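My notes follow in the order I looked things up.

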Amino acid sequence: MKGRAILNYDKMGIKEKRELLLEDPTENYVSYEESKYKINAFFIHLNNTDECYRERMVSFIPMLPLFHNDEVRMEEADYILYCHPYARCEDVSHVAIKELNYIDSLRKPGAEIIVVGKAANAEKLLNGSIKNITFWMSHFTEKLGEKFGLNIKEQYFVWDDEEEHLAIWPVDGCLQKCYFCRRSYMHIPFESLSLESIKRELDYIRKTEPYKLRNISLRAENLTEYGIDIYGKQCLHKLIELIDSYEEVEKIKIPIGLCIGEVTEDIKNALCKSKKIKSVALNLEAASDRLLKVIGKKHTVQQAITLFSALRETHPDLYISSNVMLGLPTETMTDVFALAELIGITQPNFVLCNYYSWAPKHPIANLPQLSESLREYHLKIFLKHLRCTFRKDLDVTHEKIFKRKYSRTAIREKEEIRIYNEDSDFPAIIEDYTSYRIITE
Ligand code: SF4
């Protein structure tokens, strides 16, 4: 339907906007005579399927009004926009390089390629081999708005009508370089919003649409480092206190971004003090100080136990989720048992068990790696030990990776298991279903 994307944009909810972002772009367009710019955004739509919640909400959805020219073929476009989740889970930078070279081979003379977001890390790898190309890693929505005369920019406070929460991203980036994380080889700028600007925005929402303050989802890749760039020290506790002070706020969820090793006494006290905090994510990752050191995590096992029990003591009903990893280099069966036992001690409500994904640029890439069969065996023993020892309901999601024989594609599948032990003789898998995504190798 011609013009639908643009005409109703302001009235659309998040669900529709999200669909619009992922939809086949040829389905939604207005004729490009309405704009003086011929822009192709095919790869923004295509590669957004693997983008994270933050990137979509903060940057790509606000960018939608720019995409009404999608009927412009790549060969005809004056500007070709490109993004790629780039090493979000695996290092697939070679896919970004391949796609950029493909665009370069297709575009007409003089057309500009604009690479936005984390894919701008490809600049180093391309090493000047593609000309007339611009790389914008941060504030790219705002920069595109300025370039094409649109009033669009990043949104750090987003009302998600599907989730019924106000998502707030007070900080972008992480100053750590855990040895299994893309942070160890990628550059992502670090930037916090000031407490004053956050207060201004919250005051405005309270005045105009106070119901949006009811459920807050406080998120970032590393929330614990909030404020370092502005105030020279971690200030997450002040931010929690600020949000907590609004009487309209009933619930605060922190589903991502607390780094156990960076939770200071002030942050711990603020987390324990707020009666509105209903869920947090605290990633244990591994369960021996030796292995935590191997992967470059800042915390010790004892620190994790102390933090979990402090939170449990003050918030008995707190929902705690935790990521752990199996298949880490040098991992032994002792580490596997220790991991199951640490889960028993810390008592999270949900565990996401990831396999370590090897990438050549990881600092741990050259350590002895586990074979796939040994990794599978470690998972089996881990789940078995959990079922035998865990004393309450626990949801566990773990990964399965299959490689197809005739194509260079790996399927990463997630299996969800409900572990419930009324007594240790009756361990059971109650629920078992799968979801998957495809990684092009
Ligand atoms: S704290 Fe999290 S985001 Fe930062 S480097 Fe470690 S794993 Fe990556």
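Entry 1: I began with V158, which touches M57 and A167, leaving out residues up to four places away in sequence. Contact here means that two C-beta atoms, placed from the backbone, lie within 7 Å. V158 is found in strand β5, residues 157-160. Helices (H or I, at least four residues) and strands (E, at least two) are DSSP runs, numbered from the N terminus. Between V158 and M57 the C-alpha separation is 6.9 Å, although they stand 101 residues apart along the chain.

Is V158 buried or exposed? V158 is buried, because 22 other C-beta atoms lie within 10 Å. The cut-offs: buried takes 20 or more other C-beta atoms within 10 Å of a residue's own, exposed 12 or fewer, partly exposed in between, with C-beta atoms placed from the backbone.

**Entry 2: ground rules.** I noted that this is a predicted model, where local features need pLDDT of at least 70, side-chain atom pairs count only at pLDDT 80 or more, and totals for chains, interfaces and linings use all residues. Residues are numbered from 1 along each chain as its sequence is written.

pLDDT is the predictor's confidence in each residue, from 0 to 100. For the protein chain the mean pLDDT is 86, and 84% of residues reach 70 or more. I marked two stretches with pLDDT under 50: residues 1-5, with eleven contacts beyond four places in sequence, and residues 28-33, with 18 such contacts. Where pLDDT is low, the predicted coordinates should not be read in detail.

Entry 3: M57 belongs to helix α4 (residues 53-60), where M57, V58, S59 and F60 are buried. I looked for what covers them. The cover includes α2 (14-22), α3 (42-47), α7 (140-148), β5 and β6 (165-168).

**Entry 4: the whole chain.** I counted 15 helices and 16 strands in the protein chain. Of its 441 residues, 36% count as buried. Among contacts with a separation of 6 or more, 73% join residues 24 or more positions apart.

**Entry 5: a sheet.** Four strands form an open sheet, ordered β1-β2-β3-β4, with parallel pairing. Its edge strands, β1 (39-40) and β4 (133-136), each pair on one side only. Two strands pair if DSSP finds at least two bridges between them. β3 (residues 112-116) and β4 pair over four bridges, in the parallel sense. There, V116 has W136 of β4 as its bridge partner.

**Entry 6: the core.** Which residues touch the most other members of the largest nonpolar core? They are L81, Y82, I295 and L339, in a core of 106 residues. Such a core is a set of buried Ala, Val, Leu, Ile, Met, Phe, Trp, Tyr and Cys residues joined through C-beta atoms within 7 Å. Beyond four places in sequence, L81 contacts I39, A41, I44, I114 and V116.

**Entry 7: the ligand.** I listed its surroundings: C174, Q176, K177, C178, C181, R183, E221, N222 and C259. Near means a C-beta atom, placed from the backbone, within 6 Å.

Entry 8: Most residues other than glycine have a negative phi. N127 has a positive phi near 50 degrees. It sits in the loop between α6 (122-126) and β4. Q347 lies in the loop between α14 (333-346) and β13 (350-355). With 15 other C-beta atoms within 10 Å, Q347 is partly exposed.
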